[in-house]
Amino acid sequence: MTRMKLVLLCVPAAVAVGCATFPDQVTTQKLAEKMVAEAYPGMPESLTRRTVQDQSQKICSKIGDAKLTEAEAAEVVKLARASIKYPQSGKLVGDWKVGAKLAYNGSGSRIRGGKLEKAKENGALCSNCHALDPKEVNVGNLAPALTDFGAQRGNSEAMVKYAYEKIYNSWAYFPCSNMPRLGHDGHLTPEQITHVVAYLIDPASPVNRK
Ligand code: HEC
């Protein structure tokens, strides 16, 4: 038998043996979860709790193999709505200049050498997925462009509230969207979100100027 033929015979045999001894789906999932849970020893709970799926993420994980039912989508929206917190000031529109910096800033906590390095303040990095200022070319295209957002939609109370809530927890308007739940996850504070809202809505913001 040539060496090639031997290899061809052995590969299916190895796969068959591999399958026979591989743990079942539930065991595999438990093992994977254990590995993730133990991957960050000594990290604060505020960070490690994000390695455990919340109820909405559990529902959203169905995507790929199955469609959400209407009831599941409604539950994700309900949980998202209940999560939204507003700034103490009650003012949902902050300073667009602060928002402009946040929208392109990707800083955040990171783990290096097993230690957590905390950034002074997290960035929002909207530009990773959205076009905003038309003069900025280094932007992502994973999400709809937000250029002209305020110019097109105005700054009514309802529009301001929508922008704030969308950024706080995007699933309140689009269950299981790829947009991160920035306020809900504690990545952005309510105050930071008001500045990003201003960046989208303020007529003086570069987002709304030609
Ligand atoms: C990881 C990619 C990603 C990031 C980062 C991201 N978004 Fe999104 N965003 C999306 C996607 C995808 C959609 C479309 C689906 C949806 O509506 O959730 C979206 C939708 C939106 C919408 C609704 C669009 C509309 O026409 O009404 C707004 C507003 C928005 N994002 C604002 C922001 C802002 C502001 C930031 C930064 C604070 C941001 N997004 C960060 C992916 C992202």
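Modeller: Start with a definition. A residue is called buried if its relative accessible area is under 20%, exposed if over 50%, and partly exposed in between. Keep in mind that this is a predicted model.

Biologist: Why is Cys 60 called buried?

Modeller: Its relative accessible area is 12%. The cut-off is under 20%. So Cys 60 counts as buried.

Biologist: And Cys 176, buried or exposed?

Modeller: Cys 176 has a relative accessible area of 12%. It is therefore buried.

Biologist: How do you know that Cys 60 and Cys 176 form a disulfide?

Modeller: Two cysteine sulfur atoms must lie within 2.5 Å. The sulfur atoms of Cys 60 and Cys 176 are 2.0 Å apart. The pair therefore meets the definition of a disulfide. By this rule the count comes to one disulfide.

Biologist: What makes the disulfide left-handed?

Modeller: The torsion about the S-S bond of Cys 60 and Cys 176 is about -75°, so the disulfide is left-handed.

Biologist: Which parts does the pair tie together?

Modeller: Cys 60 lies in helix α4, residues 55-60. Cys 176 sits in the loop between α8 (157-168) and α9 (190-201). These parts are 116 residues apart in sequence, so the pair ties them together across that stretch.

Biologist: Where is Leu 125, and what is its phi?

Modeller: Leu 125 lies in the loop between β2 (115-117) and α7. Its phi is near 45°, a positive value in a residue other than glycine.

Biologist: Why is Leu 125 called partly exposed?

Modeller: Its relative accessible area is 29%.

Biologist: Now the ligand. Which residues come nearest to the ligand?

Modeller: There are 21 residues around the ligand. Cys 126, Cys 129, His 130, Tyr 162 and Met 179 come nearest.

Biologist: Why does Cys 126 count as buried?

Modeller: Cys 126 has 15% relative accessibility. The limit is under 20%. So Cys 126 counts as buried.

Biologist: How far from an oxygen atom of the ligand is a polar side-chain atom of Arg 153?

Modeller: That distance is 2.6 Å. For Lys 166, an N or O atom of the side chain is 2.6 Å from an oxygen atom of the ligand.

Biologist: Where is Lys 166, and why is it called buried?

Modeller: Lys 166 is in helix α8. Its relative accessible area is 16%. That is under 20%, so Lys 166 is buried.

Biologist: Which element gives the most to the shell around the ligand?

Modeller: That is α8, with three residues. Both α7 (149-153) and α8 supply at least two residues each.

Biologist: How do the residues of the shell divide?

Modeller: There are 16 nonpolar, three polar and two charged residues around the ligand. The space taken by the ligand is the largest pocket.

Biologist: Where is Leu 79, and why is it called partly exposed?

Modeller: Leu 79 is in helix α5, residues 70-83. Its relative accessible area is 34%. That value falls between 20% and 50%, so Leu 79 is partly exposed.

Biologist: How many helices and strands does the chain have?

Modeller: The chain has nine helices and two strands. From the N terminus, the order is α-α-α-α-α-α-β-β-α-α-α. Of the 210 residues in the chain, 31% are buried.

Key:
Residues are numbered from 1 along each chain as its sequence is written. This is a predicted model: local features need pLDDT of at least 70, side-chain atom pairs count only at pLDDT 80 or more; totals for chains, interfaces and linings use all residues. Side-chain values use heavy atoms; hydrogens and water are left out. Helices (H or I, at least four residues) and strands (E, at least two) are DSSP runs, numbered from the N terminus. Buried means under 20% relative accessible area, exposed over 50%, partly exposed in between (1.4 Å probe, protein chains only). A residue is near a molecule or strand if one of its heavy atoms lies within 4 Å of it. A polar contact is a pair of N or O atoms within 3.5 Å; within protein, one must be able to donate a hydrogen and the other to accept it, and residues adjacent in sequence count only if both atoms are side-chain atoms. On a 1 Å grid over the protein atoms alone, a cavity is a set of points where a 1.4 Å probe fits but cannot get out, and a pocket is an open set with protein on both sides within 12 Å along at least five of seven lines; lining residues have an atom within 4 Å of a point. A molecule sits in a cavity or pocket if more than half of its atoms lie within 2 Å of its grid points. Ala, Val, Leu, Ile, Met, Phe, Trp, Tyr, Cys and Pro count as nonpolar, Asp, Glu, Lys and Arg as charged, and the others, Gly among them, as polar.
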